[in-house]
Amino acid sequence: MHSFGYRANALLTFSVTILALMCAIASLSDNLNSPSPTAQLQVLNINWFQKKSDGDDEVSMSLNVSANLESLFTWNTKQVFVFVAAEYDTPKNSLNQVSLWDGIILSKEQAKFSIHTTNKYRFIDEGSNLRGKEFNLTMHWHVMPKTGKMSANKLVMTGYRLPVAYR
Ligand SMILES: *[C@@H]1O[C@H](CO)[C@@H](O)[C@H](O)[C@H]1NC(C)=O
Ligand SMILES: *[C@@H]1O[C@H](CO)[C@@H](O)[C@H](O)[C@H]1NC(C)=O
C-alpha cells in the first residue's frame, strides 16, 4: 500500500512532466509566439514633385527604411515578404495605398536591416490630391511558414506631409 506522501510525490512528478511537455510544445508553437518587430521609416528627401501631363500627381522621394524583423523568424518561418506603403485619404477614397518598396527576407540574419532607397514603385495619385497631403507610412509583412497558415501584420507611422507646392 502506498503512503499519501508517495502518491503526492508521484502526482507532482506527473504534473511536472506534463508542465515540461507543455512548455516544449509552447516554445515550438508559432501561435503562442508573439513577435515584436520594430521599424523606422524616414523620408530623407523629396527629389521631385509634379503634376504629370495627364493631370495626376507624382512624387519621387528618398527613404530610409530600417527594421528589425528578427522576431518573425522561428523554426517554422520560410520567408517574410515585407513592403512599405504610403497611405492617405482623398475625397474619392478613404484609403489610398501606394506601395513604395518591398523585399523578401529569407533568414533571421537578413531580418535586421537599414536601407537608403528612392521609391522602387512610382508614387502616383489618380488626380491632383498630393499637395500638402498628410500621409502615413506603413510597413506590412506577410510571414510564410513552412507549415500552417500565412500570417500578416503591419506597423503604422503617422505624421508625414508632402510639400504644399510642386518642385
Ligand atoms: C536610417 O535610420 C537608421 C535608424 O533610425 C539610422 O541609424 C541611420 O543612420 C539612418 N540612415 C540615414 C542614411 O539617414
Ligand atoms: C494614419 O494612421 C492613423 C492611426 O492608424 C489613422 O488614425 C489615420 O487615419 C491615418 N491617416 C491617414 C491619412 O491615413
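1. Starting with the shell around ligand 2: by class it has 2 nonpolar, 2 polar and 2 charged residues. Here Ala, Val, Leu, Ile, Met, Phe, Trp, Tyr, Cys and Pro count as nonpolar, Asp, Glu, Lys and Arg as charged, and the others, Gly among them, as polar. The residues in question are Glu87, Tyr88, Glu134, Asn136, Val156 and Thr158, each with a heavy atom within 4 Å of the ligand.

2. A caveat before going on: this is a predicted model, where local features need pLDDT of at least 70, side-chain atom pairs count only at pLDDT 80 or more, and totals for chains, interfaces and linings use all residues. Residues are numbered from 1 along each chain as its sequence is written, chains are lettered from A and ligands numbered from 1 in the order in which they are written, and side-chain values use heavy atoms, with hydrogens and water left out.

3. Back to ligand 2: one of its oxygen atoms sits 2.2 Å from a side-chain N or O atom of asparagine 136. On its own the ligand has 360 Å² of accessible area (Shrake-Rupley method, 1.4 Å probe), and the protein covers 47% of that. β3 (77-88), β7 (134-145) and β8 (151-161) are the elements giving two or more residues to the shell; strands are DSSP runs (E, at least two residues), numbered from the N terminus.

4. Next, tyrosine 121, in the loop between β5 (112-118) and β6 (123-125). Its relative accessible area is 33%, so it is partly exposed (buried is under 20%, exposed over 50%, 1.4 Å probe, protein chains only). Beyond neighbours within four places in sequence, tyrosine 121 contacts Ser99, Leu100, Trp101 and Asp102 (heavy atoms within 4.5 Å).

Notes: A polar contact is a pair of N or O atoms within 3.5 Å; within protein, one must be able to donate a hydrogen and the other to accept it, and residues adjacent in sequence count only if both atoms are side-chain atoms. Helices (H or I, at least four residues) and strands (E, at least two) are DSSP runs, numbered from the N terminus.
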